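Hi everyone, thanks for coming. Please have a look at the structure on the screen, and I'll walk you through some parts of it.

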There are 2 protein chains.
Amino acid sequence: MGILKSVKPIDINRTYISDSFRNLQDEICTELEHCDGQGAFKEELWGRDEGGGGRTRILQNGNIIEKGGVNFSEVYGPLSDQIADGLKVSRGNDFFATGVSVIMHPISPMIPIIHMNVRYFEVSSGEKWFGGGIDLTPIYIDVNQTKQFHSNLKSICDRHHHSYYPAFKKWADDYFYIKHRNETRGVGGIFFDRLGSDDEITLEERFAFVEEIGKSFVPIYTSIINENRNLPYEDLEQTWQKVRRGRYVEFNLVYDKGTKFGLDSGGRIESIFMSLPPEVSWLYNYQPEPDSNEAITSSLLRKNIDWINF
Amino acid sequence: MGILKSVKPIDINRTYISDSFRNLQDEICTELEHCDGQGAFKEELWGRDEGGGGRTRILQNGNIIEKGGVNFSEVYGPLSDQIADGLKVSRGNDFFATGVSVIMHPISPMIPIIHMNVRYFEVSSGEKWFGGGIDLTPIYIDVNQTKQFHSNLKSICDRHHHSYYPAFKKWADDYFYIKHRNETRGVGGIFFDRLGSDDEITLEERFAFVEEIGKSFVPIYTSIINENRNLPYEDLEQTWQKVRRGRYVEFNLVYDKGTKFGLDSGGRIESIFMSLPPEVSWLYNYQPEPDSNEAITSSLLRKNIDWINF
């Protein structure tokens, strides 16, 4: 059935999952600092009155990373009616949610922005599910690198279920879409939500998949960084980077459900907005030169590109 | 009754109003170019398939203005059900809308961002109303200048109706509010919408008020520019300007109804986003030094300050 045979029969629960996510945060921060070679994450702990809190870790002005965040949170308490309705679960329950969220804005326009998220949600009435994904936002799309990125994601997905890659690749295309620009945020990746147990797949198997996605982040991103870190660039590339970052802001503030959820539920504003890029421009009616690298990238910001066979 | 006695008994209609708004756009552009001394507006004409269009005029990289727009539009056609419902008017009608919208992002952090809008809306079932306002977003709040700004608006309002300034000042405070930051966008001004005729005030009188607001923009803003154009600034002030511009973007993309209406109704994206500032930063957890000028400005970004008697 395409399901990994070697999944260990561990008894997962909220403590096990949040511990695993805490370790994932530690591992990602250590490895990214190593790759950056200069920057160091600064940690801020925060709590919420209703229950739980998080560890926000931010690296600014590194050698490679201009601004990046690796956030862990574990929050719980009564589920508000508004959020219960939004999630389509019954009112009057408690919830538990834990996750790791990563976003990296590199200095060089030749290194893509990346975003990764893994999360677990549980309602006291019994529903349990995972969500997450990885997606890449190059300033300049390198077709071979994008092909490799999608191939890596497909390999991971295929080890867990044959349906995952096609479904979650499409989900990412549809999700990371800037409707008012009729363009995608980047080259997509995978995105999934509400993966609970069903007849075919247990919650343990879901977790094994989510865990592998989390662990794949460092090797996937550091290999892209190392391939691109010495590529030269000039003013034009930096201007285009600021324009592309503007589109990233537009997506996050207008469409992103995580941002909206955070703002609506009174989340910690600096942790929510750590996703926003450091230096951004909105230039009136900026149009790339015909046939330029910028124009080529623009032409590839669309849904439903079969990157692996491109 | 506080109503200006000298209102001319002109018979206003959509043609008269849109001609007046076209002239207002011309006048504002001429005077701003004169004040800037270097920049020139570039015009783009656009049309919409369903009816009407506009004149977008943008000035970039002037002597004073880094990016500014003065837009005129006159659009009409069938009212979509979605928009009819949003406006709480009956479905199945045609609409007519015309307006001028101004936004200026100066180079110097010592010169405030300003926004002005006047608009007229008509539904074929009979409803007619005006909306508009002026509001100021200083990077550094100058209390005396803010007092003068509000006094000027109050004088104009008072010439038309004693209820206008208190009601529209409060409306601006409530409207230009960044809920997730618990701070106002700037020092407010006046904001009003759906001013139709009623027992006390005719549509002609409403128009006389709206026209005076439009005409007041140039003298109000050019006097602020001329007072502040030679003030010195350094890196700190420019960093703070980019942070404050980030808040401006957050307001426009998350809360502004005009932006949302434009995006939802498939408006011309570059005309809608001409309001976004040119160079912007999001720095993680940026905190002004205690007692600094930045901290003083932050402390004044709140609703319900009685600026005139401050």
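Let's begin where the two chains meet: 24 residues of chain B are in contact with 24 residues of chain A. Please keep in mind that this is a predicted model. Which elements of chain B supply at least two residues each to the side that touches chain A? They are strand 2 (52-60), helix 6 (235-254), helix 8 (269-272) and strand 10 (279-281). Helix 6 of chain B gives the most, with 4 residues. Sorted by class, the side of chain B that touches chain A has 15 nonpolar, 4 polar and 5 charged residues.

Now, how do the copies meet? 100% of the interface residues of chain B are also interface residues in chain A, so the two copies use the same surface.

Strand 10 (residues 279-281) of chain A and strand 10 of chain B run antiparallel and are joined by 3 bridges. If you'd like a pair to find on the screen, Glu279(A) has Ser281(B) as its bridge partner.

Next, let's look at a sheet within chain A. It is an open sheet of 7 strands in the order 1-2-3-4-5-6-9, with antiparallel pairing. Which strands stand at the edges? Strand 1 and strand 9 (188-195) of chain A do; each has a single partner strand, so one side of each is left without a neighbour in the sheet. From one strand to the next, the twist averages 5°.

Let's walk in from strand 1. Strand 1 (residues 42-47) of chain A is hardly covered: of its 6 residues, the count of buried ones is 0. Antiparallel to strand 2 of chain A, strand 1 is joined to it by 6 bridges, and Trp46(A) stands opposite Gly54(A). The two strands form a hairpin with 4 residues between them, and Gly51(A) in the turn has a positive phi of about 140°.

In the loop between strand 2 (52-60) and strand 3 (65-78) of chain A you'll find Asn61(A). Most residues other than glycine have a negative phi. Asn61(A), however, is not a glycine and has a positive phi of about 55°. Is Asn61(A) buried or exposed? Asn61(A) is exposed, because it has 11 other C-beta atoms within 10 Å.

At the other end of the sheet, helix 3 (residues 143-160) of chain A lies across strand 6 (128-137) and strand 9, running at about 30° to strand 9.

Let's finish inside. In soluble globular proteins, nonpolar side chains tend to be buried together. The largest nonpolar core here has 134 residues, and Ile190(A) and Ile190(B) touch the most other members. What does Ile190(B) touch, leaving out residues up to four places away in sequence? Its contacts are Gly133(B), Ile134(B), Leu153(B), Cys157(B), Tyr165(B), Phe168(B), Lys169(B) and Ala172(B).

That's my tour, and I'm happy to take questions.

Definitions and conventions:
Residues numbered from 1 in each chain as written. Chains lettered and ligands numbered in written order. Predicted model: local features only at pLDDT ≥ 70, side-chain atom pairs only at ≥ 80, totals over all residues. Core = buried A, V, L, I, M, F, W, Y, C linked by C-beta atoms within 7 Å. Buried ≥ 20, exposed ≤ 12 C-beta atoms within 10 Å, placed from the backbone. Contact = placed C-beta atoms within 7 Å. Nonpolar A, V, L, I, M, F, W, Y, C, P; charged D, E, K, R; others polar. Pairing = 2+ DSSP bridges. Axes fitted to C-alpha atoms, helices over the stretch in contact; angles between N-to-C directions.
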